[in-house]
Amino acid sequence: MTDRVARVELFHVAIPLPATFRPAWIPGMPSNENRFTLVRITTDDGVEGYSAGPAIGRERAGLGDLLGPYLLGEDAGDISLVQQRLREIAYLGWRNWWIEPAFWDIRGKVEGRPVCELLGGAPCAVRLYASTGEVKEPGERIEEVEARHEEGFRTVKLRVHDHDEVVDMRQVVETAKAIGDRIKIAVDANQGWRVTIVGDSPLWDLERAQKFADACSDVGVAWIEEPLAMDRYEDLSSLTAASRVPIAGGELHSGGLPELGMMIERKCYNIFQPDAIFTGGIAQTMEVIRLLKKHDLTYSPHTWTNGIGFAVNLQLFAASGFAGECELEYPLAPPGWTVDARDGILEEPFHHDRGTLQTPTAPGLGIKIDHKALSRWGKRFFVMDRKRLIWFSLRHRGIRASKEIDRARQKRLNRTASG
C-alpha cells in the first residue's frame, strides 16, 4: 500500500454529560463533559482514518504545528514508519500514541477488512464487564451493582478511594456479601497514577495493598486493579506473587513495549491491561499481547477514554485470543457517564446486549463518525495539507531553509520508493 497522507486535522471535542460525573481517579473534580482530541488523517485517495485521545481541556492546541510536518506525504499504510514518526515526536516530550490507530483505520478501509483481521483475528462476540467510575457508599453501590446485574452483566468493577482502609474494605465486603453470589466483583484502587490536582488522594504502600488483597480474597473478589503506583515494579512483583487474588494493571504505560515487556518479565501483574491509546498504539500493544501469551499471563485492556478509544481496544481484544476466556471493560456509570455520552460522535454507539457486544465487521475500526454531532460538539483547531505546509515552512523557516528541507525530504522519499 502506498497512499500518502494528504491532510491532517485536529478537533477539540466536548460532549455534554447528562449529569455530573465524579471520577474516582481525580478526587474533587466533577466533570460535566466528555472531552477529547480527535484526529482525522486523509490520504491522497480520500480515505479517512480517525483516532482520539482523552483531554482535560485544550492542552494540545499547539500539537498540529509539530504533527503536520512529521506526517504529511508519508505512506499511510506503513505502520512502522508511523511508529517511528511518533517516537521522534516523543523525543520532544510529546507521547501521542493515540494517533497511530488512525492509520490502522485507513489500512483496514483500503484493504476492506476490520483491524482485528489485519492483526490475525476475526470479529467475535465479546463478553463485557461493567466498569463503574465513582466512589460510593455501600448501600448506593449495592443498588448500582444490582442494576448492572439486571442488565445482563456477569462482572462489575468497583472503585475504592478512601483515606481510611477500613472504609474501602467495608464497601467491598458488604457489596460482595449482598450480591456476590450472583455476580463477580472486581475492584480498582486507582493507585497506578495518583492525581491530587484538586482533592487529596490516598497513597497506598505495599502493606496496605497486601491487607486489602487479603480482605478481598476472603469474599471472593475476582481481581484487584492498580493497588500500587505504576512504577513500583518490585513491590508490584512481590504483591502479585503473594496475593491470593489476581492483581491487574498496566493501562497507561506510555513507555510502550519496552516498559511493559520488562514488567511482564518481572510478573508485576497477573492480568495486564494495556490501553493502546496510551501504550504504544495498536502495533506495540499487539506485541505486548504476544509476550503475555509466552509468559502465561492474561490480557484484558483498559478502555475508559471515549467511543473511539473503546473501538480501538475492542479490535485488539478480538484479535488477541483472550476474548474467549476474559471479559472486556465497558465504562458505564449512569446517570453521568452513559453510552451515548461516551460514544457521542459515533453514528452507532457501542450499546451492549445483555453484557455482550459483537465486534464490528466494517473495515478499519468499524466506526462511522456522526458529522452533525462532531459539528455540534467539536471544533477544528488545526488543518494542514501540502499547500498549507509550504506556507507554514516559508513563514517559519524562510525560503532557503524550506528548499533545503524539501530537497532532503524528497531524497529520502525517493530512496524509500526505490527500495
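I call a residue buried under 20% relative accessible area, exposed over 50% and partly exposed in between, using a 1.4 Å probe and protein chains only.

**Ground rules.** This is a predicted model, so I kept local features at pLDDT of at least 70 and side-chain atom pairs at pLDDT 80 or more, while totals for chains, interfaces and linings use all residues. I numbered residues from 1 along each chain as its sequence is written, and side-chain values use heavy atoms, without hydrogens or water.

**Whole chain.** I found 14 helices and 13 strands in the protein chain; these are DSSP runs, numbered from the N terminus, with helices being H or I of at least four residues and strands E of at least two. Buried residues come to 57% of the 419. I also noted that the C-alpha trace spans about 70 × 45 × 40 Å along its principal axes.

**Helix α3.** I looked at residues 101–111 and found Pro101, Ala102, Phe103, Trp104, Asp105, Ile106 and Gly108 buried. Just after α3, Gly112 has a positive phi of about 75 degrees.

**Helix α8.** Which residues of α8 (233–242) are buried? I listed Tyr233, Leu236, Ser237, Leu239 and Thr240.

**Cover over α8.** I then checked contacts, meaning heavy atoms within 4.5 Å. The cover on the buried residues of α8 includes α7 (206–218), β8 (247–249) and α9 (256–265).
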